[in-house]
Amino acid sequence: MISGMDYSALQAEIRTLARERQAVILAHNYQRPEVQDVADHLGDSLGLSQRAARSSARVIVFCGVDFMAETAAILAPDRKVVIPEPRAGCPMAAMVDVEELLALKARHPGAAVVSYVNTTAAVKAVSDICCTSANAVRVVQSFPADREIIFAPDCNLGSWAAKKSGRELILWQGFCPTHDLITVEDVAKAKTEHPGAKVVVHPECRQEVSAMADAVESTSGMIRFCREDSGREYLIGTELGMIYRLSKDVPDKHFYPVTEVSVCPNMKLTTLDKVLRALQAEAPVVTVPADVREGALQAVQRMIEVNP
Ligand code: SF4
């Protein structure tokens, strides 16, 4: 993952311009290493958006995919939110739309809708509450045991949350193509190659893959687990960018991907050139219509109340 290219001149130019423009640069854990290195803050989508809301920056440059920039715009409506690569979408978020979700809700009139933050603002706006991969179990448990719950869009995360919470969920059949392609054979092969390594996977992985893991964690949970755990080597089952993040954050341990093919092409669309251009132009700007924002904000705030 560590490129041999020297990006330092471009990174210095970006840092100077960011200061001049009073901009904060946020990068998701799955971004390219050189983009991670130029960011003010790294993290998962919600953590970054919360950071954006707290910061005094005039401009927020969000290096991630579109729903993440939308979430920042929901939480920080008075700032200019810029996405360096507007074509960077999330295939999983695109697997659920408002009409279909409302149709499912109509078939289960009493059900609460829990939507993963990996959804559009419009889907969040018709949801009762959002969740992240770190708090999905707690969010599900926040509803009375006899309340039906629709969980969208990730059926893998939903299955994981159902298992951990002991609740039956009505699962939307979406998935993350990057995590869903990690197989039990990949885990078995990687364990043969690194017999002393513990297996840590993201809950967006298939259930049979999660069942083989020593720990199932969100990206922030992975960092915490690997830092605090007594092991020295880890096989990581998530998007490949996380290997770089872990290697920087926990430098005294060794990290290997379960498979090299778990790359999210959308996450890799953002390059340093695009970050520089976005800063220069302060564009493309991401906005959320006021009526959509209101509903989406409620769903996000309910989640923060359940799991601050
Ligand atoms: S890794 Fe999966 S969930 Fe994340 S942006 Fe890519 S497709 Fe979407």
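Biologist: What is the strand order of the open sheet of four strands?
Modeller: This is a predicted model. The pairing in the sheet is parallel. Its order is β2-β1-β3-β4.

Biologist: Which strands stand at the edges of the sheet?
Modeller: Each edge strand has a single partner strand, so one side of each is left without a neighbour in the sheet. Neighbouring strands are turned by 25 degrees against each other on average, direction ignored. The edge strands are β2 (41-43) and β4 (80-82).

Biologist: Which residue in β2 is the bridge partner of H28?
Modeller: Strand β1 covers residues 23-28. β1 and β2 pair in the parallel sense over three bridges. In β2, H28 has as its bridge partner G43.

Biologist: Which element gives the most to the lining of the largest pocket?
Modeller: The largest pocket holds about 740 Å³ of space and is lined by 31 residues. Elements giving two or more residues include β2, α8 (155-165) and α15 (290-306). The most, six residues, come from α3.

Biologist: In which pocket does the ligand sit?
Modeller: Residues surrounding the ligand include Y30, N118 and E204. Y30, N118 and E204 are also among the residues that lie nearest the centre of the second largest pocket. That pocket has a volume of about 320 Å³. The ligand sits in the second largest pocket.

Biologist: How many residues of the shell around the ligand are nonpolar?
Modeller: The shell includes C90, P91 and M92. One of its residues is polar and one is charged. The nonpolar residues number nine.

Conventions. Residues numbered from 1 in each chain as written. Predicted model: local features only at pLDDT ≥ 70, side-chain atom pairs only at ≥ 80, totals over all residues. Heavy atoms only, no water. Near = heavy atom within 4 Å. 1 Å grid on protein atoms, 1.4 Å probe; cavity = no way out; pocket = protein on both sides within 12 Å on 5 of 7 lines; lining within 4 Å. Sits in = over half its atoms within 2 Å of the grid points. Nonpolar A, V, L, I, M, F, W, Y, C, P; charged D, E, K, R; others polar. Pairing = 2+ DSSP bridges. Axes fitted to C-alpha atoms, helices over the stretch in contact; angles between N-to-C directions. Points joined across faces, edges and corners; volume = space filled by probe spheres on them.
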